[in-house]
Amino acid sequence: MNQQHIHCIVNDCHYWAQGNKCVANEILVATDQFGENQPDRVDAAMAKQLSPEQAGNCLGTCCKTYVQKGSNQIGIDNVKKQNTF
Ligand code: SF4
């Protein structure tokens with residue numbers, strides 16, 4: 001089975017790990033507009049229910065799963081850290 005590797009350099013995210021790895025068990029990449037308009041609980045665990053939309057270019061996308069280290073919102077989206085380190 002192929003394992004996907006997500007590399008990320010946003011090191012104030014709860015899911016960021018040494019080596020610039022994302023250790024979230026799943027993430028949701030969305031348009032900036034979607035990210036701005038949807039609450040934190042709308043995230044990767046709900047992905048199958050969401051309608052796809054166009055961003056136009058990479059500057060119009062964001063990681064919806066980002067949550068600041070130490071935030072009290074960790075867990076609101078049902079995303080977990082993988083046990084890979
Ligand atoms: S959840 Fe998003 S912002 Fe956070 S480490 Fe993973 S890819 Fe980066």
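# Questions on a predicted fold

Me: Where does A44 lie?
Reply: A44 sits in the loop between α1 and β4. Helices here are DSSP runs of H or I of at least four residues, strands are runs of E of at least two, and both are numbered from the N terminus. α1 covers 32–37, and β4 covers 61–63. This is a predicted model in which local features need pLDDT of at least 70 and side-chain atom pairs count only at pLDDT 80 or more, while totals for chains, interfaces and linings use all residues. Residues are numbered from 1 along each chain as its sequence is written, and side-chain values use heavy atoms, with hydrogens and water left out.

Me: Why is A44 called buried?
Reply: Its relative accessibility is 5%. Buried means under 20% relative accessible area, exposed means over 50%, and partly exposed lies in between (1.4 Å probe, protein chains only). So A44 counts as buried.

Me: What does A44 contact, leaving aside its neighbours within four places in sequence?
Reply: A44 is in contact with E26, I27, L28, T65 and V79. Contact means heavy atoms within 4.5 Å. A44 and V79 are 35 residues apart along the chain, yet their C-alpha atoms are separated by 7.0 Å.

Me: What makes up the largest nonpolar core?
Reply: It has 12 residues: C13, Y15, W16, C22, A24, L28, A30, F34, V42, A44, V67 and V79. A nonpolar core is a set of buried Ala, Val, Leu, Ile, Met, Phe, Trp, Tyr and Cys residues joined through side-chain atoms within 4.5 Å. In soluble globular proteins, nonpolar side chains tend to be buried together. F34, a member of this core, touches L28, V42, L50, E53 and K64, not counting residues up to four places away in sequence.

Me: Why does T65 count as buried?
Reply: T65 has 0% relative accessibility, so it falls in the buried class. T65 lies in the segment after β4. Beyond its neighbours within four places in sequence, T65 contacts Y15, E26, I27, L28, D43, A44, D77 and V79.

Me: Which backbone nitrogen does the side chain of T65 reach?
Reply: That of L28, at 2.8 Å. A polar contact is a pair of N or O atoms within 3.5 Å; within protein, one must be able to donate a hydrogen and the other to accept it, and residues adjacent in sequence count only if both atoms are side-chain atoms.

Me: How do you know that D77 has no salt bridge?
Reply: The nearest side chain of opposite charge, K80, is 7.2 Å away. A salt bridge puts a side-chain nitrogen of Lys or Arg within 4 Å of a carboxyl oxygen of Asp or Glu. Lys and Arg count as positive and Asp and Glu as negative, while His and the chain ends are not counted.

Me: Which backbone nitrogen lies 3.1 Å from a polar atom of the side chain of D77?
Reply: The backbone nitrogen of V79. D77 is also in contact with Y15, D40, R41, D43, A45 and T65, leaving aside its neighbours within four places in sequence. D77 itself is in the segment after β4.

Me: What does K80 touch, not counting residues up to four places away in sequence?
Reply: Y15, V23, A24 and N25. K80, too, is found in the segment after β4.

Me: Why does V23 count as buried?
Reply: V23 has 3% relative accessibility, so it counts as buried. V23 lies in the loop between β2 (21–22) and β3 (29–31).

Me: Why is G56 called exposed?
Reply: Its relative accessible area is 76%, so G56 is exposed. G56 belongs to the loop between α1 and β4.

Me: What is the phi of N20?
Reply: It is positive, about 60 degrees, although N20 is not a glycine. Most residues other than glycine have a negative phi. N78 also has a positive phi, near 65 degrees. N20 has a relative accessible area of 33%, so it is partly exposed. N78 has 49% relative accessibility and therefore counts as partly exposed.

Me: How many disulfides does the structure hold?
Reply: It holds 0. A disulfide is a pair of cysteine sulfur atoms within 2.5 Å. C8 is partly exposed because its relative accessibility is 26%. C22 is at 16% and therefore counts as buried.
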